[in-house]
Amino acid sequence: LFSVYVVCFYFAMTALTTVGFGDIFGENNAERIFLTILQLTGAVVFATIMSQLSSVITNMSQSQREREQHIEGIRSFLIERKVERSLATKITDWAAFNFSTTTSLRE
């Protein structure tokens, strides 16, 4: 009965992890258990990597949004105060540079 459960669980894990039924397969219970554990480990590692990658991308876009809001606030202030265009460009360029360097230093 244990052997039947091992075979069924091995079949389910092989099908669900999309590893497939290729030329590498378990011929006895010990091999099937080992391969099932290996498949589960691979799925967990893959999920962890995808989670970390998603987190990095989210943080990058959030930082970009903060930068754009910061620069837009400075631009609207300069327009409100009627600062001449060449000086306003220098100020916004400096603010963008300063924001990016201080943000990278904080991380």
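Predicted model: local features only at pLDDT ≥ 70, side-chain atom pairs only at ≥ 80, totals over all residues.
Tutor: Residues are numbered from 1 along each chain as its sequence is written, and side-chain values use heavy atoms, with hydrogens and water left out.

Student: Why is Thr14 called buried?

Tutor: Buried means under 20% relative accessible area, exposed over 50%, and partly exposed in between (1.4 Å probe, protein chains only). Thr14 has 1% relative accessibility, so it counts as buried. Thr14 sits in helix 1. Of the 107 residues in the protein chain, 17% get that buried label.

Student: And how do you know that Thr14 makes a polar contact with Tyr10?

Tutor: A polar atom of the Thr14 side chain is 2.8 Å from the backbone oxygen of Tyr10. The definition asks for a pair of N or O atoms within 3.5 Å; within protein, one must be able to donate a hydrogen and the other to accept it, and residues adjacent in sequence count only if both atoms are side-chain atoms. The 2.8 Å distance meets that cut-off.

Student: Why is Tyr5 called exposed?

Tutor: Its relative accessible area is 56%, so Tyr5 counts as exposed. Tyr5 is also in helix 1, and its C-alpha is 9.8 Å from that of Asn29, 24 residues apart in sequence.

Student: How do you know that Arg32 has no salt bridge?

Tutor: A salt bridge is a side-chain nitrogen of Lys or Arg within 4 Å of a carboxyl oxygen of Asp or Glu. For Arg32, which is buried, the nearest side chain of opposite charge is Glu31, 7.3 Å away. (For charge, Lys and Arg count as positive and Asp and Glu as negative; His and the chain ends are not counted.) The Arg32 side chain does reach the backbone oxygen of Glu27, at 3.4 Å.

Student: What is Arg32 in contact with, leaving aside neighbours within four places in sequence?

Tutor: Val6, Val7, Tyr10, Gly26 and Glu27, where contact means heavy atoms within 4.5 Å.

Student: Which residues make the nonpolar surface patch?

Tutor: Val45, Phe46, Ile49, Met50, Leu53 and Ile57, giving about 570 Å². Patch residues have over 30% relative accessible area and no salt bridge; like charges are joined within 9 Å, nonpolar side chains (Val, Leu, Ile, Met, Phe, Trp, Tyr) within 5 Å. Val45, at 43%, counts as partly exposed.

Student: What about the phi of Lys82?

Tutor: Lys82 is not a glycine, yet its phi is positive, about 55°. Most residues other than glycine have a negative phi. Lys82 lies in the loop between helix 2 and helix 3, and its relative accessible area is 72%, so Lys82 is exposed.

Note on methods. Areas by Shrake-Rupley, 256 points an atom, 1.4 Å probe, with all protein chains shown as cover. Helix = DSSP H or I, 4+ residues; strand = E, 2+ residues; numbered from the N terminus.
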